[in-house]
Amino acid sequence: MPGIECFILPMPEGQDMACTLESLSRSDAFDGVTVMPQHSFGATETLRSVAGAVKSEYLLLYTKSQPLEMGYLALDRLVMVAEDTGADMLYADHYDQGGKHPLTDCQEGALRDDFDFGPVLVFRAKSFRRAVGQMDTDRKWGALYELRLLMKKIVHVNEYLYTEVETDCRRSGEKIFDYVDPKNREVQIEMEQICTCHLKRIGAYLEPVFKSVSDIGEVQNTEFPVTASVIIPVLDRVRTVRDAVTSALSQECPFRFNVIAVDNHSTDGTSGLLEELASQYPDRLVHLVPERNDLGIGGCWNVAVNNPFCGKYAVQLDSDDLYSGKDTLSRIVAKFREEDCAMVIGSYRMTDFNLQPIPPGVIDHKEWTPENGRNNALRINGLGAPRAFYVPLLRQIGGFPNTSYGEDYAVGLRISREYRIGRIYDVIYSCRRWEGNSDASLSLEKTNANNFYKDWIRTCELEARRRGREA
């Protein structure tokens, strides 16, 4: 059996490395271990050191500095799978203190730099050296990200092969904004550079050249009852929906607008509350209840934008949230007109239920630049809020996927493929975090399913962009 060399990081003072070393050595494939002097594999220099040192056919990187317990004959199994599949890189399901920690398959569209491979990464040594040899820019943080983007065949071993100590025990709702935390800005710039190089390498990079929305057929002949509609999909949000509707109705605009609340068969009193509000504002609030019972958030959006009451621009407001001022709607519509946009995305402040600011504070998605935003959008897991859409284009492209996660991201990527997306970097929205949020505390299985779906969206988008370049 081919051998495998293991490269690990120093343990913190007081941590015993003996159990990690002993567990690695139990397999026949074990060819030795090297403790790296560095404290991260994120630097290109560190990976070059590994490439120069490895002598075996395979190598293992353990990316954490916490104790590791490899399963019985786990290294043998990893080598066997590599031999059977011809993999360049492998990663495996494992255990942590919470029990089983399943991972997801790595699709071509899994371009997130925070993709969860687990801390044990196995590489075919010649593939590792080839990839490191192609890394001609020194990275401080993103070398592992660049490395795996250069791997041709990545195999997910659907077996629980080791036990790690999980050091990030935050709930899902506390983790999802790490990639836009201002303190990580330098890291994100480097990750963007790596992803952009990858997109150019695989033929999916888009130059900053955009179509005009005035080219969309029959736009001039379309009659809209109002200039803009605020769209509020809602299901069982009796505690928050009044605030959202009031926030929308209080907008001060030099044009006519309305609010469309799509009530997805609520059972907690939300429906009655919306009926009451609609009777108070009969010309401004449209309360829709879909005929169908199989709609997600995306399906509710489709009901709204295809309704005859919908305006020329459709502007998002979640039923938990509020606009931060009375000028939010007018600023969004002005941006559409100023920049010939097909979509506009604002910036928001994270708050608690009582609108007190909470970390990480302002989410402005400054990684979205006019030159590279639509390429970098393939790396990150969201585009920002509030989101607003040019309705004639939404109708032309078929609207949203009928899902309750990632539906807006899918449409944003589709629009960005051809049209300009305008950005407002000032705070115009308050995103309230509370125990009722749909992503406040997701199970690992649900988080994996959500991430897998967005990776699939990106996989489709990559193919569409390549095909567009070839046409």
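In the predicted model, the chain comprises 15 helices and 17 strands. Its radius of gyration is 25 Å, close to the 23 Å given by the globule rule for 471 residues, so the chain is as compact as a globular protein of that length. The C-alpha trace spans about 75 × 50 × 35 Å along the principal axes of the chain. Of the 471 residues, 56% are buried. Among contacts in the chain with a separation of 6 or more, 82% are made by residues 24 or more positions apart.

The packing of one helix pair was examined further. Two packed helices are described by the angle between their axes and the distance between the axes. Helix H2 covers residues 44–53 and helix H4 covers residues 125–134. The two pack at an angle of about 140 degrees, and their axes lie 10 Å apart. Angles over 145 degrees count as roughly antiparallel and those of 65 to 115 as roughly perpendicular; H2 and H4 are therefore oblique to each other. The crossing of H2 and H4 is left-handed.

On the H2 side, the contact is formed by Leu47, Arg48, Val50 and Ala51. These residues meet Phe128, Arg129 and Val132 in H4. By residue class, the contact of H2 with H4 consists of five nonpolar and two charged residues, with no polar residues.

Conventions. Residues are numbered from 1 along each chain as its sequence is written. This is a predicted model: local features need pLDDT of at least 70, side-chain atom pairs count only at pLDDT 80 or more; totals for chains, interfaces and linings use all residues. Side-chain values use heavy atoms; hydrogens and water are left out. Axes are lines fitted to C-alpha atoms, for helices over the stretch in contact, and angles run from 0 to 180 degrees between N-to-C directions. Helices (H or I, at least four residues) and strands (E, at least two) are DSSP runs, numbered from the N terminus. Angles under 35 degrees count as roughly parallel, over 145 as roughly antiparallel, 65 to 115 as roughly perpendicular and the rest as oblique. A crossing is left-handed if the near helix is turned anticlockwise from the far one by less than a right angle, and right-handed if clockwise. Contact means heavy atoms within 4.5 Å. Ala, Val, Leu, Ile, Met, Phe, Trp, Tyr, Cys and Pro count as nonpolar, Asp, Glu, Lys and Arg as charged, and the others, Gly among them, as polar. The radius of gyration is taken over C-alpha atoms; the globule rule is 2.2 Å times the number of residues to the power 0.38. Buried means under 20% relative accessible area, exposed over 50%, partly exposed in between (1.4 Å probe, protein chains only).
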